[in-house]
Amino acid sequence: MNELTIWTYDWVPEGPRGFVRDLRLRWACEEAGLAYDVRTIPFDGRETNHLVRQPFGQVPYLNDGDLEIFESGAGLLHLGRKSEKLMPTDPAGEAETLQWAIAALNSIEMVSVPWWFLKMCGDADNGLTGWMTRRLDHVEQVLSEREWLAADRFTVADLLMADVLRVADVRAFGDRPATESYVTRVTDRPAFKKAKADQIALFDAADAMRTG
Ligand SMILES: N[C@@H](CCC(=O)N[C@@H](CS)C(=O)NCC(=O)O)C(=O)O
């Protein structure tokens with residue numbers, strides 16, 4: 001058994017496969033060469049069956065020995081401290097990485113998730129469209145001037161930002177060539193491909209168990 005255990009659901013419907021946020025933690029471990037196990041809790045009953053570990057009934061959460069951490073962003077920053085491949089240790093590089101990791105969560109995903117949810121509910125031209133446009137345009141401007149968000153190289157900030165931006169509806173929302181090539185570049189990394197394939201394989205295998 002490894003010190004690091006990533007927790008996810010034992011099954012999800014097909015739609016979110018490849019996008020469940022345990023992928024962020026798998027991806028980080030793959031990038032850093034950190035050994036990890038993946039364990040599951042039942043999807044059925046998720047609203048209440050693991051509130052003691054994740055107070056919103058969601059996944060992922062992470063064990064590192066006796067440490068328990070929920071929120072994918074917190075898990076990523078924790079892993080970042082374990083490997084320079086994910087987060088530089090010099091103060092300037094670390095600060096850049098932290099600010100862009102938080103920006104991915106709190107300035108982009110904070111808008112993109114509710115925008116996407118309203119769109120999924122049939123309200124494509126919803127009240128968040130202007131806000132979403134402005135945020136994505138600002139990111140496009142940044143990405144048109146640099147290859148990576150922080151420290152002139154791949155960091156956990158890119159992992160998070162690319163994961164937020166790779167959602168098909170977000171990518172299709174306007175023509176942003178720098179963003180598109182950034183997402184393609186980051187998700188072309190072998191660590192991402194392995195993390196995604198492993199997650200999909202876990203959920204695909206669980207189909208058979210559910211149908212008997
Ligand atoms: N802010 C949380 C969001 C976690 C989240 O949205 N998890 C989804 C799977 S990707 C989930 O558990 N959804 C089930 C639910 O909300 O009931 C994080 O980044 O860890």
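Eight aromatic pairs are found in this predicted model. Rings of Phe, Tyr and Trp (its six-membered ring) count as a pair if their centres lie within 6.5 Å; planes under 30 degrees apart are stacked, over 60 edge-to-face, and the rest tilted. Take Phe 56 and Phe 70. Their ring centres are 6.4 Å apart and their planes stand at 75 degrees, so this pair is edge-to-face. The two residues are 14 apart in the chain: Phe 56 sits in the loop between strand 2 (36–41) and strand 3 (61–64), and Phe 70 in strand 4 (residues 67–70). Helices (H or I, at least four residues) and strands (E, at least two) are DSSP runs, numbered from the N terminus. Phe 56 has 54% relative accessibility and counts as exposed. Phe 70, at 33%, counts as partly exposed. The cut-offs are these: buried is under 20% relative accessible area, exposed is over 50%, and partly exposed lies in between (1.4 Å probe, protein chains only).

Next comes the pair of Trp 115 and Phe 173. This one is tilted, with 4.7 Å from centre to centre and 50 degrees between the planes. Trp 115 belongs to helix 3 (residues 91–120) and Phe 173 to the loop between helix 6 (168–171) and helix 7 (177–187), so the pair ties together parts that are 58 residues apart in sequence. Trp 115 is buried, at 1% relative accessibility. Phe 173 is buried as well, with a relative accessible area of 19%.

Trp 27, Trp 148, Phe 154 and Phe 192 make up one aromatic cluster. Phe 154 also has a charge over its ring: Arg 189 lies over its face, 3.8 Å from the ring centre. Such a charge is counted if NZ of Lys or CZ of Arg is within 6 Å of the ring centre and within 35 degrees of the ring normal. Arg 210 is placed over the face of Trp 11, at 3.7 Å from the ring centre.

Arg 189 leads on to Glu 31. A polar contact of 2.8 Å joins the side chains of these two residues. A polar contact is a pair of N or O atoms within 3.5 Å; within protein, one must be able to donate a hydrogen and the other to accept it, and residues adjacent in sequence count only if both atoms are side-chain atoms. Glu 31 is part of helix 1 (residues 22–32). At 14% relative accessibility, Glu 31 counts as buried. Leaving aside neighbours within four places in sequence, Glu 31 is in contact (heavy atoms within 4.5 Å) with Lys 85, Leu 86, Phe 154, Arg 189 and Ala 191.

Now turn to Lys 82. This residue lies in the loop between helix 2 (72–80) and helix 3. Lys 82 is partly exposed, with a relative accessible area of 40%. Beyond its neighbours within four places in sequence, Lys 82 is in contact with Leu 4, Leu 34 and Asp 64. The side chains of Lys 82 and Asp 64 are joined by a polar contact of 2.8 Å. Gly 65 is 17 residues from Lys 82 along the chain, and 13 Å separate their C-alpha atoms.

The chain is divided into domain 1 (4–85 + 191–211) and domain 2 (91–189). These bounds come from an automatic or database domain assignment. Taken over C-alpha atoms, the domain centres are 21 Å apart. Domain 1 gives 16 residues to the contact and domain 2 gives 21 residues.

The backbone has some points to visit. Val 59 and Pro 60 are joined by a cis peptide bond, with omega about 10 degrees. Pro 60 lies in the loop between strand 2 and strand 3. Ala 151 has a phi near 60 degrees, a positive value in a residue other than glycine. Its place is in the loop between helix 4 (129–143) and helix 5 (156–165). Ala 151 is partly exposed, at 29% relative accessibility. Asp 152 also has a positive phi, near 60 degrees. Asp 152 lies in the loop between helix 4 and helix 5, and at 75% relative accessibility it counts as exposed.

Last, the cysteines. The structure holds zero disulfides (pairs of cysteine sulfur atoms within 2.5 Å). Cys 29 is buried, with a relative accessible area of 1%. Cys 121 counts as exposed, at 55% relative accessibility.

Residues are numbered from 1 along each chain as its sequence is written, and side-chain values use heavy atoms, with hydrogens and water left out. In this predicted model, local features need pLDDT of at least 70 and side-chain atom pairs count only at pLDDT 80 or more, while totals for chains, interfaces and linings use all residues.
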